[in-house]
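Hi,

Here is the structure I promised to pass on. Have a look at it first, and then read on for what turned up.

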Amino acid sequence: MNNLLYKHNILNHHTSYMASTAIYLHFLLFILTFCSFIHQLSFSFSSQEYHEALEKSILFFEGQRSGRLPSNQRVTWRGHSGLSDGSSYHVDLVGGYYDAGDNVKFGFPMAFTTTLLAWSVIEFGSSMHDQIDNAREAIRWSTDYLLKAATTTPDTLYVQVGEPSMEHGCWERPEDMDTPRNVYKVSPQNPGSDVAAETAAALAASSLVFKDSDPAYSSKLLIAAINVFHFADSYRGSYNDSLNSVVCPFYCSYSGYNDELLWGASWIYKASGINSYMEFIQSNGHILGADDDGYTFSWDDKRPGSKILLSNEFLEKNSEEFQLYNAHADSFICSLVPGTSSFQAQYTPGGVLYKGSASNLQYVTSTTFLILIHAKYISSNGGVISCGTSKVTEKNLINLAKKQVDYILGDNPTKMSYMVGFGERYPKNIHHRGSSLPSIHQQPQQISCNSGFQYFNSDSPNPNVLVGAIVGGPDIHDNFFDDRNNYQQSEPATYINAPFVGALAFFSAQ
Ligand SMILES: *[C@@H]1O[C@H](CO)[C@@H](O)[C@H](O)[C@H]1NC(C)=O
């Protein structure tokens, strides 16, 4: 009996021990579940994750390369392409980037992409660490091409290679493409001040990137920038008029060329300090749109970018110009801050800036980049701006920018990263010829214009992962269709990525 009692006691003790362990484990499980729930609610990324995204955002540009690929090419499913671009016109136009999911080299968005990649390095290059060389290489791939386009023939800028209607009618790998590689140019008779002044901006901004690492190349870029700007300014007109059928509706210059003239002059002044460019800005600013508020920053419209650049950079703090540009820069930034009386942007319920149904994320990345530059600027100028009756701090702006970046990386209602190859869920059916067709190394025989459509129409995910590509992104209700046919949402573009490179560098250093 004693024995039994003893046994019973032991059992009892044992049972209560087990029970408390179970309660403890349950509690632990609850805490873990709760934490992961909280994590999902407001998951934030670590510096390492931002850095990983930064690396991928730059790697993407290798997948967009045209020309002869170097031996250190990391995107190995690609091969050489466009090796005779320009030859039938007796010019060398090999190289540069395909703009998006097709194989045309459009000079206008290529130049804008380059300007923003360079600006990313200028503002946030010190946070790029082991990625700084990759970022410079991504810029050089473009500037090598832009130099050829701008300096081969005097008073001529080559602005496009490829016949877009025919090319868009095919689904072909860049390595196979056999549609006409027509060359289009602007000249004194057929001017294009928009594309030329953007090219000047790209070359000038890039000259700053190479100032220390390759001074000879930097000078070459600056000289070319000055010449192409002179051409843009002397022969004024929009490339829309001379090249309408091949640039519209793809990259028409809707905003005209005034915004690019102001932007180009600002970049040359920043790169060179040559006083005549400041005089140009002072005497032409009003005519070129210094007084207009522009609320969109894109490959077409540079107005907000010029205001941020001019007010933040080099104007005398008390000058009339400074007041003008600074007021417009603040007004652009204030328009984006919800809850202020100046607010006039639109955000989806999930919290991402929404400007349009086609390739909306291009506006998110370009705007986020400007917000961060302005935040950096106000941190050394009082730390606060007035938006209507509200005060907006540097921290408010950084939080707003972070929300946009995190949304793109996966903190959004679909719980999907809109950067290919980042995170666990990302778009698998992107609208991109090279990514969706078998690699040239897997299937060397030509896949013709029409045969490619069997891959376009296939339900299988793209065989080649275009790591780092950011797609057009979700609609106004945060819905995203991972559908190759839906180019508005599933097509990547170089100008979506370029400003994101700077934003990711910023957050990787926080
Ligand atoms: C360029 O052409 C497009 C379409 O043809 C037109 O909507 C736009 O206004 C034009 N831009 C300029 C500056 O003329």
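Setting aside neighbours within four places in sequence, Thr143 touches Thr114, Ser206, Tyr217 and Leu221. Please keep in mind that this is a predicted model. Thr143 sits in helix H4 and has a relative accessible area of 0%, so Thr143 is buried.

Two of those partners, Tyr217 and Leu221, belong to H7, where H4 packs through Thr143 among others. The axes of H4 (residues 132–151) and H7 (residues 215–234) come within 10 Å and cross at roughly 45 degrees. That angle makes the two helices oblique to each other, and the crossing is left-handed. On the H4 side the contact involves Arg140, Thr143, Asp144, Leu147, Ala150 and Thr151, which meet Tyr217, Lys220, Leu221, Ala224 and Val228 of H7. By class, the residues of this contact are six nonpolar, two polar and three charged.

Helix H6 (residues 193–209) and helix H10 (residues 258–272) have axes that come within 8 Å and cross at roughly 20 degrees. Because of that angle, H6 counts as roughly parallel to H10. H6 passes H10 in a left-handed crossing. The H6 residues taking part include Ala197, Ala200, Ala201, Ala204 and Ala205, and the H10 residues include Trp263, Gly264 and Trp267. Eleven nonpolar, three polar and four charged residues make up the contact.

What about the largest nonpolar core? It has 146 residues, and the members touching the most others are Trp119, Leu157, Leu203, Tyr239, Leu409, Phe500 and Leu504. Leu504 is in contact with Tyr50, Ala53, Leu54, Ser57, Val405, Leu409 and Met419, not counting residues up to four places away in sequence.

Finally, some backbone details to check before you set anything up. Most residues other than glycine have a negative phi, and most peptide bonds are trans. Here, the peptide bond from Cys248 to Pro249 is cis, with omega near 5 degrees; Pro249 lies in the loop between helix H9 (244–247) and H10. Ser359 has a positive phi of about 50 degrees, and its place is the loop between helix H13 (320–334) and helix H14 (361–379). Asp478 also has a positive phi, near 70 degrees, in the loop between helix H17 (453–456) and helix H18 (487–490). Are these two residues buried or exposed? Ser359 is buried at 13% relative accessible area, and Asp478 is buried at 3%.

Best wishes

Notes. Residues are numbered from 1 along each chain as its sequence is written. This is a predicted model: local features need pLDDT of at least 70, side-chain atom pairs count only at pLDDT 80 or more; totals for chains, interfaces and linings use all residues. Side-chain values use heavy atoms; hydrogens and water are left out. Axes are lines fitted to C-alpha atoms, for helices over the stretch in contact, and angles run from 0 to 180 degrees between N-to-C directions. Helices (H or I, at least four residues) and strands (E, at least two) are DSSP runs, numbered from the N terminus. Angles under 35 degrees count as roughly parallel, over 145 as roughly antiparallel, 65 to 115 as roughly perpendicular and the rest as oblique. A crossing is left-handed if the near helix is turned anticlockwise from the far one by less than a right angle, and right-handed if clockwise. Contact means heavy atoms within 4.5 Å. Ala, Val, Leu, Ile, Met, Phe, Trp, Tyr, Cys and Pro count as nonpolar, Asp, Glu, Lys and Arg as charged, and the others, Gly among them, as polar. A nonpolar core is a set of buried Ala, Val, Leu, Ile, Met, Phe, Trp, Tyr and Cys residues joined through side-chain atoms within 4.5 Å. Buried means under 20% relative accessible area, exposed over 50%, partly exposed in between (1.4 Å probe, protein chains only).
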